[in-house]
Amino acid sequence: MSFRDKIARFMYGRNGMDAFCRFLLYFAVGMLVLSTLFSRVPFLSALFLTLEWAALIFCIFRTLSRNTVKRQQENAKYYQFQQKFLLWCRSVKDRWQQRKDYKFFRCPSCHALLRVPKGKGKLVLTCRKCGNRFERRS
Ligand SMILES: [Zn+2]
């Protein structure tokens, strides 16, 4: 039996590498870089090294785990979180690009984001999500 076959037999029924594992590996590398950068601050360096090892151990545990249902649930949660984060990044980018023409406000009751043209003076804004009315200067 070749080494490759032995590995394949060992990994049979196990979770293996998934997107969340790859994220954990990148996170671990990031923590290693940070701990190197902050090597003169013992507390921070130790903290980053601990996080790095925790991520690495969790990654190895997930890769070798036979409880694939639970690991797939974790991976799905990771994908949800990633989607939310990407949407938030796009929202920040859009607001930055439109900052000269529009002003952005949060609805005081439901925290929805409202966009109004700049330079229109005092406006009564109506939230499209909850219908709440409030006054702001644009
Ligand atoms: Zn609202």
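**Reading strands, patches and salt bridges**

Biologist: Which residue in strand 4 stands opposite Val 124?

Modeller: Val 124 stands opposite Glu 135 in strand 4. The model is predicted, local features need pLDDT of at least 70, side-chain atom pairs count only at pLDDT 80 or more, and totals for chains, interfaces and linings use all residues. Residues are numbered from 1 along each chain as its sequence is written, and side-chain values use heavy atoms, with hydrogens and water left out.

Biologist: In which sense do strand 3 and strand 4 pair, and over how many bridges?

Modeller: Two strands pair if DSSP finds at least two bridges between them; strands (E, at least two residues) and helices (H or I, at least four) are DSSP runs numbered from the N terminus. Here strand 3 and strand 4 (residues 133-137) pair in the antiparallel sense, over five bridges. Their hairpin has six residues between the strands, and Gly 131 takes a positive phi near 80° in this hairpin.

Biologist: How is a surface patch read, and which residues form the positive one?

Modeller: Patches are made of residues with over 30% relative accessible area and no salt bridge, with like charges joined within 9 Å and nonpolar side chains (Val, Leu, Ile, Met, Phe, Trp, Tyr) within 5 Å. Accessible areas come from the Shrake-Rupley method with a 1.4 Å probe, and for residues only the protein chains shown count as cover. Lys and Arg count as positive, Asp and Glu as negative, while His and the chain ends are not counted; the place of a charge is NZ of Lys, CZ of Arg, CG of Asp or CD of Glu. In this model, Arg 99, Lys 100, Lys 103, Lys 118 and Arg 137 form the positive patch. Lys 118 is placed in the loop between strand 2 (113-117) and strand 3 (122-126).

Biologist: Is Lys 118 buried, partly exposed or exposed?

Modeller: Buried means under 20% relative accessible area, exposed over 50%, and partly exposed in between (1.4 Å probe, protein chains only). Lys 118 has a relative accessible area of 38%, and is therefore partly exposed.

Biologist: Which element gives the most to the nonpolar patch?

Modeller: The nonpolar patch covers about 890 Å², and its residues include Phe 23, Phe 27, Val 41 and Leu 51. Helix 2 (19-37) and helix 3 (42-64) are the elements that give two or more residues to this patch. Helix 2 gives the most, with five residues. Phe 27 lies in helix 2, and it counts as partly exposed because its relative accessibility is 31%.

Biologist: What is a salt bridge, and how many are counted here?

Modeller: Side chains of opposite charge can pair when their charged atoms come close. The rule asks for a side-chain nitrogen of Lys or Arg within 4 Å of a carboxyl oxygen of Asp or Glu, and the count comes to four salt bridges. One of them joins Asp 18 and Arg 62 (2.9 Å, N to O). This pair links distant parts of the chain, 44 residues apart: Asp 18 is in the loop between helix 1 (3-11) and helix 2, Arg 62 in helix 3. Arg 62 counts as buried, at 0% relative accessibility.

Biologist: Which salt bridges does Glu 74 make?

Modeller: Glu 74 meets Arg 62 (2.6 Å, N to O) and Arg 71 (3.0 Å, N to O). Glu 74 and Arg 71 both lie in helix 4, three residues apart, about one turn of the helix. Salt bridges that share partners join Asp 18, Arg 62, Arg 71 and Glu 74 into one network.
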